[in-house]
Amino acid sequence: MDQHITIDWTSCQAHGLCAELLPEHITLDEWGYPLVDGRPIPPRTRKRARRAAADCPVLALKLTEERAPR
Amino acid sequence: MTTLFTDVYMSPRLLAPGGTPADLSTHEQRYGPLSYGDPATVLRTLAASGLTGRGGAGFPAHRKFAAVADAARRTGRPPVVVANGAESEPASHKDRTLLRLSPHLVLDGIQLAAEAVGAEEAYLAVEDGASYLESALAQRRDPLRVRVVRLPARFLSGQASALVQYLSGGPARPTHPVPPVRERGVGRAPTLVQNVETLAHLALVARYGADWFRSAGTPAEPGSALCTLHTAGREVRVVEAPFGMPVGRLLPLDGASAVLVGGYHGTWIPAAEAARVPLSPAYLGAGVLAALPADRCGVTETARVVRYLALQSAGRCGPCLNGLPRIAEAFRILAGPGPQGRARTDISRWAGLVEGRGACHHPDGTTRLVRSALTTFATEIDAHANGHCTATDRTPLLPVPAEKV
């Protein structure tokens, strides 16, 4: 099953750590909030993705099996 | 004050005729008895009817019902039903009109919905009119007790996750939508949130069947919807109209330059095009339609509404918190005469940055309105850049509540 990055926008405070850890999937907008490319995380990147999720100071980055329903 | 022309466009289904509120005996006389005890048939009939949500998103009602019932089976928790009568959109009057004229239709729908999903708790959430609804409830002998809850009057109070959080004892602000409220809502139980008009339609679908419901509307978009119509110089009207009817038949468009379809999260459409556009749940939102006269300024109207929408942001999600006030300020510049700098390109860029990047649809709806205004009023915005506005009448068309200081 494909893994995707989901941001909990109510928690994210633009620390920007995720963009440093996963630059190929995440860049920052002009206010410092993550812009996620939406592509599934390939197996070789999953370990770093898990670290990005665990290292987010407010735990706003989640790895989900599918894209978040909105 | 809202006036009613209930039977101008079709024989009225939902609104009691003559603008007189229907008490329980009038209601029973008009619609006949409602029988309980067969949730499977209710679900099947609901699916066959093709009823979609009337709160704005237009999601198929039976799919939400099925998802909630399924989550209840999986978790072993009895679900909660929430009838959403918040109607926090200032231009919409249809839910409060429905609740005032035909409260028992909504209350029937709540009981049917609760039975269909096996709920043991039910709420009716409104901004005002709570005591009137409580006295309507007191007339009935319902299987399940319904609690009427007063919501704070804010644009986002009626957003499903905000409503659920409020009923769970928190503030009425949207939350991260994972897991969705249909899985984990009020008190962490699977929760069915349905607009009050949707529930009123359900009360009729359960009585008269899917074929009856589908006798209005089109095969692909069956049924009818309550619409709030804004025409300059006339009272606001609530009407019931079938899907598929051209907007131009519903709203007088003589002398109009554009129509706002779908309210403050909706779309500005040039009047000539709007006249032929059929009413559709895809873009009708909560049913607000407003005709902008050619002698008024659509850019100014949009700037006022966008400022209101920016102020109504719950302020929880960074892109919305940062983007909407900037978009609103840039729109204020476009609304005035004179040099506009980079306002237009800034708005387009910020719209892209807020869209899809929040817990709720507030940024998405706001950018829909903003983008449609940039397109529909492009010529007027050019005129403003050259120092003049073509409007001669400055009376505001769209209602925006006074700002608290």
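**Reading the fold**

Reply: Start with chain B: among its contacts between residues at least 6 apart in sequence, 71% join residues at least 24 apart. Two residues are in contact if their C-beta atoms, placed from the backbone, lie within 7 Å. This is a predicted model: local features need pLDDT of at least 70, side-chain atom pairs count only at pLDDT 80 or more, and totals for chains, interfaces and linings use all residues. Residues are numbered from 1 along each chain as its sequence is written, and chains are lettered from A and ligands numbered from 1 in the order in which they are written.

Me: Which helices and strands make up chain B, by count?

Reply: Helices (H or I, at least four residues) and strands (E, at least two) are DSSP runs, numbered from the N terminus. Chain B has 16 helices and 10 strands. Its radius of gyration is 21 Å, close to the 22 Å of the globule rule for 405 residues, so chain B is as compact as a globular protein of that length. That radius is taken over C-alpha atoms, and the rule is 2.2 Å times the number of residues to the power 0.38. Along the principal axes, the C-alpha atoms fill a box of roughly 70 × 45 × 40 Å.

Me: What share of chain B is buried?

Reply: A residue is buried if 20 or more other C-beta atoms lie within 10 Å of its own, exposed if 12 or fewer, and partly exposed in between; the C-beta atoms are placed from the backbone. In chain B, 54% of the 405 residues are buried.

Me: Now the sheet. In what order do the four strands of the open sheet in chain B lie?

Reply: Strands of a sheet pair through backbone hydrogen bonds, either parallel or antiparallel. Two strands count as paired if DSSP finds at least two bridges between them. In chain B the order is 4-3-2-5, with parallel pairing. Strand 4 and strand 5 (191–195) are the edges, each pairing on one side only. Neighbouring strands are turned by 20 degrees against each other on average, direction ignored.

Me: How many bridges join strand 2 of chain B to strand 3 of chain B?

Reply: Six, between strand 2 (residues 80–85) and strand 3 of chain B. The chain gets from strand 3 to strand 4 of chain B through helix 6 (residues 130–138), in a right-handed β-α-β crossover. Right-handed means that, with the strands pointing away from the viewer, the path from the first strand over the helix to the second runs clockwise.

Me: Is strand 3 of chain B mostly covered or uncovered?

Reply: Covered: five of the six residues in strand 3 (residues 121–126) of chain B are buried.

Terms used
Axes are lines fitted to C-alpha atoms, for helices over the stretch in contact, and angles run from 0 to 180 degrees between N-to-C directions.
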